[in-house]
Amino acid sequence: MEDNQTGKKQLGLNIISSSQKSSKHKGFGTGAINLNNVSPIIIDEGEAKIDVGAMHAKSKVERGIKFTAERMDAEGGRRVWLVWVAVDKTEEGGSYAGATACEMWINSETKRGFKILADHVNKLDYAIKRKIMLGEMDDGAKTALKTLLTAHNEEWWNRSPEELKEALSV
């Protein structure tokens, strides 16, 4: 996909085969988590964007922010959502198979933020396991996520589980 305004390629949700045929190292990586079919989406101020930097806690909104596990440290800040989306590929084609949301609070003025890293890691694991956990999100964030997912690939959206569609209905 190319952005018509800048001519740059946009980030996308990728499906990469994890087949053993593609690896010369048959035993290497056994027990490792494969993140090839998971993408992080940041929802900030009503807009959802794929931000691969979030995979390492370095999304655009996280850069330059000192995070703690104390909510008071981000007092006066805004709520930002990190959504982990897992993609499956079947004979019929791709689909959004898992989606989980984690919250962060960011105060850009004080460069302080609140997040619970363990929650972010656990939610990533749940998305990989094809769970849908979006109940904490507000309607605006749900709408932004649904808009991004359908715009990115409407066919994937149509093949996605009803549970995901119901979770994002407002």
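## Backbone, strand pairing and cores

K111 is found in the loop between β5 and β6 (112-114), where helices (H or I, at least four residues) and strands (E, at least two) are DSSP runs numbered from the N terminus. This is a predicted model, in which local features need pLDDT of at least 70 and side-chain atom pairs count only at pLDDT 80 or more, while totals for chains, interfaces and linings use all residues. Residues are numbered from 1 along each chain as its sequence is written, and side-chain values use heavy atoms, with hydrogens and water left out.

Although K111 is not a glycine, its phi is positive, at about 55 degrees. Most residues other than glycine have a negative phi. R130, which is not a glycine either, has a positive phi of about 70 degrees and sits in the loop between α1 (117-128) and β7 (132-133).

| Residue | Relative accessibility | Class |
|---|---|---|
| K111 | 49% | partly exposed |
| R130 | 28% | partly exposed |
| K123 | 8% | buried |

K123 counts as buried because its relative accessibility is 8%. Leaving aside neighbours within four places in sequence, K123 is in contact (heavy atoms within 4.5 Å) with W84, T100, A101, C102, M133 and E136.

The chain as a whole comes to 4 helices and 7 strands, and its elements run β-β-β-β-β-β-α-β-α-α-α from the N terminus on. Of its 170 residues, 38% count as buried, and among contacts with a separation of 6 or more, 66% are accounted for by residues 24 or more positions apart.

Strand β1 is mostly covered, with 7 of its 7 residues buried. In a regular strand the side chains alternate between the two faces of the sheet. Strands are taken to pair if DSSP finds at least two bridges between them; β1 runs antiparallel to β4 and is joined to it by 7 bridges, with A86 in β4 as the bridge partner of V38. β1 also runs antiparallel to β2, through 4 bridges, and I43 has A48 of β2 as its bridge partner. β1 and β2 form a hairpin with 2 residues between them, and E45 in the turn has a positive phi of about 50 degrees.

A nonpolar core is a set of buried Ala, Val, Leu, Ile, Met, Phe, Trp, Tyr and Cys residues joined through side-chain atoms within 4.5 Å. The largest such core has 23 residues, and those with the most contacts inside it are I41, I43, V83, L134, M137 and L145. At least two of its residues come from each of β1 (38-44), β2 (47-50), β4 (78-90), β5 (93-107), α2 (139-152) and α3 (154-159), and α2 gives the most, with 5 residues. Not counting residues up to four places away in sequence, I43 touches A48, V80, W81, V83, M137, A141, A144 and L145. Apart from this core lies another, of 15 residues, among them A54, I65, M104 and A127.

Note on methods. Buried means under 20% relative accessible area, exposed over 50%, partly exposed in between (1.4 Å probe, protein chains only).
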